[in-house]
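Please have the sequence and the structure at hand while reading.

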Amino acid sequence: MKPTSNNDPPQPNNSTPSEKSEFPSDHIKVIKQDTPPTPQDETDFESFYLKQVTTEFADDLDKLRNASDFTEKSVPILIDALKATAGMYSEGDKMKVMGKR
């Protein structure tokens with residue numbers, strides 16, 4: 001096929017259905033969830049997530065705990081903030097992380 005210039009009219013698409021398309025259907029994967037997540041799944045993910053976050057950010061959490069303005073009232077706020085970040089993941093992502101898909 002010769003290159004077209006800006007002045008050439010558009011060429012018809014002469015491809016046949018048997019030719020490979022840019023997005024072959026065999027590359028499309030259907031993801032289905034066999035069972036909906038249970039409250040236990042949510043608790044398991046939250047526990048796993050909190051362990052991962054507190055391990056990964058242990059130094060930062062120590063800095064927060066040692067800050068002059070960190071008090072007993074700060075603990076539940078910090079815990080709630082960490083738990084809230086677990087909620088930013090989709091149910092599908094949570095299930096993948098927990099090996100349920």
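## Aromatic pairs

In this predicted model, the count of aromatic pairs comes to three. In one of them, Phe-45 and Tyr-89, the ring centres are 6.0 Å apart and the planes stand at 65 degrees, so the pair is edge-to-face, the angle being over 60. Phe-45 belongs to helix H1, while Tyr-89 sits in the loop between H3 and helix H4 (91–97), so the pair ties together parts that are 44 residues apart in sequence.

The two partners can also be described by their accessibility. Phe-45 has a relative accessibility of 4% and therefore counts as buried, for which the cut-off is under 20%, whereas Tyr-89, with a relative accessible area of 31%, is partly exposed. Together with Tyr-49, these two residues form one aromatic cluster.

As a general background, nonpolar side chains in soluble globular proteins tend to be buried together.

Which residues is Leu-82 in contact with, leaving aside its neighbours within four places in sequence? With those neighbours set aside, Leu-82 is in contact with Tyr-49, Leu-50, Val-53, Thr-54 and Leu-61.

Note on methods. Residues are numbered from 1 along each chain as its sequence is written. This is a predicted model: local features need pLDDT of at least 70, side-chain atom pairs count only at pLDDT 80 or more; totals for chains, interfaces and linings use all residues. Side-chain values use heavy atoms; hydrogens and water are left out. Contact means heavy atoms within 4.5 Å. Rings of Phe, Tyr and Trp (its six-membered ring) pair if their centres lie within 6.5 Å; planes under 30 degrees apart count as stacked, over 60 as edge-to-face and the rest as tilted. Helices (H or I, at least four residues) and strands (E, at least two) are DSSP runs, numbered from the N terminus. Buried means under 20% relative accessible area, exposed over 50%, partly exposed in between (1.4 Å probe, protein chains only).
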